[in-house]
Amino acid sequence: SQQGEEDPQALSIQEGENATMNCSYKTSINNLQWYRQNSGRGLVHLILIRSNEREKHSGRLRVTLDTSKKSSSLLITASRAADTASYFCLLGGSNYKLTFGKGTLLTVNP
Amino acid sequence: DAGVIQSPRHEVTEMGQEVTLRCKPISGHNSLFWYRQTMMRGLELLIYFNNNVPIDDSGMPEDRFSAKMPNASFSTLKIQPSEPRDSAVYFCASTDIGREAFFGQGTRLTVV
């Protein structure tokens, strides 16, 4: 069944650096969403990109989608310690089914 | 709107007991999803509904799990009988098809 594969599984960077996470998938999608989850907390929506879009921005976030490669990337620029969290892609597939990737654990060191 | 509301936030129960998790989706949303999160398996989709009708329950792990959506403003996920391996955080989400999915704060279930 459809599930996103995210890489890297874990990423550790210094404050001020950029962080890039990738999500790859197997079957076609209608849209893709990115979420952040702080340890033990709820899921916070970051951005939604539709299958006919290639790039979206929101503040320090940049998301790209390449449907030919079946992959998406999330870029966080000028990272802060508060960006430390797990990041998940949520794939909007056929029949409007929403399935998660496995997530990337980002640690931003002050 | 208060967002997606789940109850209870925490549940501790003994093995063999029935557990019922509840979810109130955002008014006007036509899709509702139940997920389970564990360290080992990540965020798994258990079941989802469109317009109160179950569309795909292939993620429900066993017959011990059942879910209902009697109306557009309420859904339940029931585990009977519960087992220690059911311990997890259960999330409910609602969405207007094709748009942003909103998640509840989750129910942390511990089965001892």
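Colleague: What makes strand 7 and strand 8 of chain B a hairpin in this predicted model?

Modeller: In this predicted model, the stretch that separates strand 7 of chain B from strand 8 of chain B holds two residues. The two strands, residues 65-71 and residues 74-79, run antiparallel and are joined by five bridges; since pairing asks for at least two bridges, they count as paired. One place to look at is Ala67(B), which stands opposite Leu77(B) of strand 8 of chain B.

Colleague: Where do these strands sit in a sheet of chain B, and what makes a strand of that sheet an edge strand?

Modeller: The order is 1-3-8-7, four strands of chain B that form an open sheet with antiparallel pairing. Strand 1 (5-7) and strand 7 of chain B are called edge strands on the ground that each pairs on one side only. Within this sheet, neighbouring strands are turned against each other by 15° on average, direction ignored.

Colleague: How do you know that strand 6 and strand 7 of chain A are paired?

Modeller: Four bridges link strand 6 of chain A with strand 7 (residues 61-66) of chain A in the antiparallel sense, and the requirement is at least two bridges, so the pair qualifies. Ser58(A) is found opposite Leu61(A), a residue of strand 7 of chain A. Both strands belong to an open sheet of five strands in chain A, ordered 1-3-8-7-6 and paired antiparallel. Its edges are strand 1 (5-7) and strand 6 (55-58) of chain A, each with pairing on one side only.

Colleague: Why is the pair Asp56(B) and Lys97(A) called a salt bridge?

Modeller: The closest N and O atoms of Asp56(B) and Lys97(A) are 2.8 Å apart, and the cut-off for such a nitrogen and a carboxyl oxygen is 4 Å, so the pair meets the criterion. One salt bridge is the count between chain B and chain A, alongside nine residue pairs in polar contact, both residues being at pLDDT 80 or more.

Colleague: What makes up the side of chain B that touches chain A?

Modeller: Strand 4 (31-38), strand 5 (42-50) and strand 9 (88-95) of chain B each supply at least two residues, and strand 5 of chain B gives the most, with four. By class, the residues on that side are nine nonpolar, six polar and four charged.

Colleague: How is the extent of the interface between chain B and chain A expressed?

Modeller: In contacts, 19 residues of chain B meet 20 residues of chain A. In area, the two chains bury about 1600 Å² between them, with 58% of it on carbon and sulfur atoms. On the chain B side, the most area is lost by Leu43(B), Glu100(B) and Phe103(B), which together account for 29% of what that side buries.

Colleague: How do you know that Thr38(B) makes a polar contact with Arg41(B)?

Modeller: A polar atom of the side chain of Thr38(B) lies 3.1 Å from the backbone nitrogen of Arg41(B); the limit is 3.5 Å, so the distance falls within it. Thr38(B) itself is part of strand 4 of chain B, and, leaving out residues up to four places away in sequence, Thr38(B) touches Ser87(B) and Ala88(B).

Colleague: What makes the phi of Tyr96(A) worth a remark?

Modeller: Most residues other than glycine have a negative phi. Tyr96(A), although not a glycine, has a positive phi of about 60°, and Tyr96(A) lies in the loop between strand 9 (85-92) and strand 10 (98-100) of chain A.

Key: Residues numbered from 1 in each chain as written. Chains lettered and ligands numbered in written order. Predicted model: local features only at pLDDT ≥ 70, side-chain atom pairs only at ≥ 80, totals over all residues. Heavy atoms only, no water. Contact = heavy atoms within 4.5 Å. Buried area = accessible area lost by both parts, 1.4 Å probe. Salt bridge = Lys/Arg side-chain N within 4 Å of Asp/Glu carboxyl O. Polar contact = N/O pair within 3.5 Å; in protein donor to acceptor, adjacent residues only side chain to side chain. Nonpolar A, V, L, I, M, F, W, Y, C, P; charged D, E, K, R; others polar. Axes fitted to C-alpha atoms, helices over the stretch in contact; angles between N-to-C directions.
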